[in-house]
Amino acid sequence: MKKFSLILTFIMLFTFLTVPAYAAEYTDDIETHPFDMEYYTKYKGQDLTLNVYNWGEYISDGSDDTLNINEAFEELTGIKVIYSTFDTNESLYAKLKTGGSSYDVIIPSDYMVSRMIEEELIQPINFDNVPNFKYIDEAYVNPSYDPENKYSVPYTWGTVGLIYNTELIDANEEIDSWSVMWSEAYRGNVLMFGNSKDAYGIAFKMLGYPINAESEEQIEKATELLKEQKPILQAYVMDEIFDKMTGEEAIIAPYYAGDALTMISDNPKLDFVIPKEGSNIFTDAMCIPTDAKNKELAEMYINFMLEPPVGLANIEYIGYSTANTAVFDLLDDETKNNPISYPDKELLANCEYFYHLDPELAALMDEKWTEVLTSDEHYNEMLMPMLLVFCVVLSITLNVVRSIRKKKNQ
């Protein structure tokens with residue numbers, strides 16, 4: 001596992017101060033990269049702590065001899081990182097909305113960023129403290145969810161598609177449509193998103209609607225479609241998908257492209273496709289909550305995540321796509337040309353971003369999602385056969401009792 005040492009830090013400081021003007025701006029090696037040591041060490045020795053709240057399985061953590069990013073930040077800056085995870089944007093939102101939490105850096109998705117801006121749950125970033133923002137591709141600057149780019153810095157981007165086991169599907173079936181998740185052929189072997197936004201997004205695409213609901217009628221029809229799917233499903237999942245798909249406990253599931261690459265590396269029988277009906281393209285972004293206690297430390301952490309060798313180590317580990325031009329330049333050609341990480345423009349043209357819905361439609365969708373989860377099609381489906389079996393058993397029992405009584409009377 002790569003780590004900074006105190007000796008290495010001093011060497012790096014000396015190197016940085018004496019490096020000639022023509023030296024490279026960045027490298028792919030964290031041990032030789034010219035960090036701005038004056039910037040990163042200004043809080044060293046002050047016993048400070050930074051709270052980071054991120055998705056599960058979404059940072060290079062030292063596994064498999066990779067860079068432990070949080071440890072590297074701690075050793076470079078002297079700032080202790082307390083790192084915790086969430087599983088959906090909605091659970092992140094609930095934590096911030098109800099208060100009682102104290103996070104300095106959070107990583108919500110695009111539509112949740114816009115909602116948090118509206119509700120003043122995140123604060124503007126001082127970009128003077130994030131000089132590495134210069135590396136962000138112009139295509140991801142001033143995005144629709146943060147049009148003046150005051151509140152967010154892109155972390156990764158990606159798409160949603162179908163991950164499936166190539167050896168367990170029907171050999172004659174081409175997996176290219178969301179409809180396979182409703183197929184009786186895979187009953188009990190299909191997983192579904194455990195959050196409303198992604199689940200409804202798939203249903204809307206199946207019905208030929210935009211990925212963002214435009215009417216109550218669309219939500220009602222999508223709800224019925226999701227209820228129809230429920231008997232086919234094995235489970236609603238989020239992070240559980242990793243073990244289930246790599247362990248071949250399920251055959252088909254929708255999930256994020258970056259995580260699909262991780263699963264494929266663990267089980268080469270798996271593959272990934274963006275369905276022909278279209279899908280979701282998303283950006284996850286680093287933000288600072290309004291009640292953050294350590295704003296400048298948060299900005300330093302965000303800047304550190306944008307350092308080319310740090311971003312490279314992170315992207316190589318988590319498998320998602322980068323909006324950082326320096327990191328992209330450092331990627332190998334195989335990754336740059338991987339259609340899962342960087343799909344062609346034709347496929348992306350059929351994908352849509354989620355945005356924060358009208359409050360009434362959002363509330364209705366949440367209500368209907370609860371209805372989907374609490375409806376019990378499995379119970380309804382088995383009720384009639386169980387009643388028939390009960391009637392047969394009851395009939396046989398009554399006949400036996402009558403026969404015994406008849407014999408006694410004789």
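Q: Is Y301 buried or exposed?
A: Y301 has a relative accessibility of 2%, so it counts as buried. The cut-offs, with a 1.4 Å probe and protein chains only, are under 20% relative accessible area for buried, over 50% for exposed, and partly exposed in between. This is a predicted model, where local features need pLDDT of at least 70 and side-chain atom pairs pLDDT 80 or more, while totals for chains, interfaces and linings use all residues. Residues are numbered from 1 along each chain as its sequence is written, and side-chain values use heavy atoms, without hydrogens and water.

Q: How many aromatic pairs does a search of the whole structure find?
A: A pair of aromatic rings is described by the distance of the centres and the angle of the planes. Rings of Phe, Tyr and Trp (its six-membered ring) pair if their centres lie within 6.5 Å; planes under 30 degrees apart are stacked, over 60 edge-to-face, the rest tilted. The search gives 26 pairs. Take F73 and Y301: centres 5.1 Å apart, planes at 80°, so edge-to-face.

Q: Where do F73 and Y301 lie?
A: F73 is in helix α3 (residues 69-77) and Y301 in helix α10 (residues 295-305), so the pair ties together parts 228 residues apart in sequence. Helices (H or I, at least four residues) and strands (E, at least two) are DSSP runs, numbered from the N terminus. F73, at 0% relative accessibility, also counts as buried.

Q: Which class do the rings of Y256 and F282 fall in?
A: Their centres are 5.5 Å apart and their planes at 75°, so this pair is edge-to-face. The pair links distant parts of the chain, 26 residues apart: Y256 is in strand β7 (residues 252-256), F282 in strand β9 (residues 279-286). Y256 is buried at 9% relative accessibility, and F282 is buried at 5%.

Q: What sits over the ring of Y93?
A: A charge sits over a ring if NZ of Lys or CZ of Arg is within 6 Å of the ring centre and within 35 degrees of the ring normal. Over Y93 sits the charged end of R115, 3.8 Å from the ring centre. Over Y111 sits the charged end of K197, 4.3 Å from the ring centre.

Q: Where is K42 found?
A: K42 is in the loop between α2 (37-40) and β1 (49-55). At 40% relative accessibility, K42 counts as partly exposed. K42 and T77 are 35 residues apart in sequence, with their C-alpha atoms 7.7 Å apart in space.
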